[in-house]
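Subject: Structure handover

Hello,

Here is the structure for you to look at. My notes follow below it.

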Amino acid sequence: QVQLVESGGGLVQPGGSLRLSCAASGSIFSIYAMGWYRQAPGKQRELVAAITSGGSTNYGDSVKGRFTISRDNAKNTVFLQMNSLKPEDTAVYYCNANIIVPGRGMGDYWGLGTQVTVSS
């Protein structure tokens, strides 16, 4: 079994910052890409940011210059530093990872999500 556990969400005022963390655990051979998606009420889930095991990154247009993704490969953990937060960043943020599990090959795994609310 593989689990992704997010932490760090909460309520923050516009212009503030939050740091999300996601740790993968279980029967893991290796992890390729890790990333964050978000889904606001009534909207489709969208890519926020992703990072490969080699450190290549990709960001959604709406967060470029404000959010930074990073990872600790030794701890199977990915981080999302969110600065200059806006009310439109309010959403449930989901961690995603492409994980190779021994005997099962590569699969796409998701966390349960963490709520981020930006409001005054």
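What percentage of the 120 residues of the chain count as buried? The figure is 42%. Buried here means under 20% relative accessible area, exposed means over 50%, and partly exposed lies in between, with a 1.4 Å probe and protein chains only.

First, the ground rules. This is a predicted model, in which local features need pLDDT of at least 70, side-chain atom pairs count only at pLDDT 80 or more, and totals for chains, interfaces and linings use all residues. Residues are numbered from 1 along each chain as its sequence is written, and side-chain values use heavy atoms, with hydrogens and water left out.

Overall build

The chain has 11 strands and 0 helices. Both are DSSP runs numbered from the N terminus: helices are H or I with at least four residues, strands are E with at least two. The radius of gyration is 14 Å, close to the 14 Å that the globule rule gives for 120 residues, so the chain is as compact as a globular protein of that length. That radius is taken over C-alpha atoms, and the rule is 2.2 Å times the number of residues to the power 0.38. Along the principal axes, the C-alpha atoms fill a box of roughly 50 × 25 × 20 Å.

Contacts (heavy atoms within 4.5 Å) reach across the sequence. Among those between residues at least 6 apart, 54% join residues at least 24 apart.

Surface

The accessible surface is about 6,300 Å², and carbon and sulfur atoms hold 48% of that. Areas come from the Shrake-Rupley method with a 1.4 Å probe; for residues, only the protein chains shown count as cover.

Strand pairing

Two strands pair if DSSP finds at least two bridges between them. Strand β3 (residues 18–26) runs antiparallel to β1 (residues 2–7), joined by 6 bridges. Val5 stands opposite Ala23 of β3. β3 also pairs with β8 (residues 77–82), again antiparallel and over 6 bridges. There, Arg19 has Gln81 as its bridge partner.

Two backbone points

Most residues other than glycine have a negative phi. Which residues go against that here? Asn76 has a phi near 50°. Asn76 sits in the loop between β7 (67–72) and β8, and counts as partly exposed at 23% relative accessibility. Ser84 also has a positive phi, about 50°. Its loop lies between β8 and β9 (91–101). Ser84 is partly exposed, with a relative accessible area of 41%.

Best wishes
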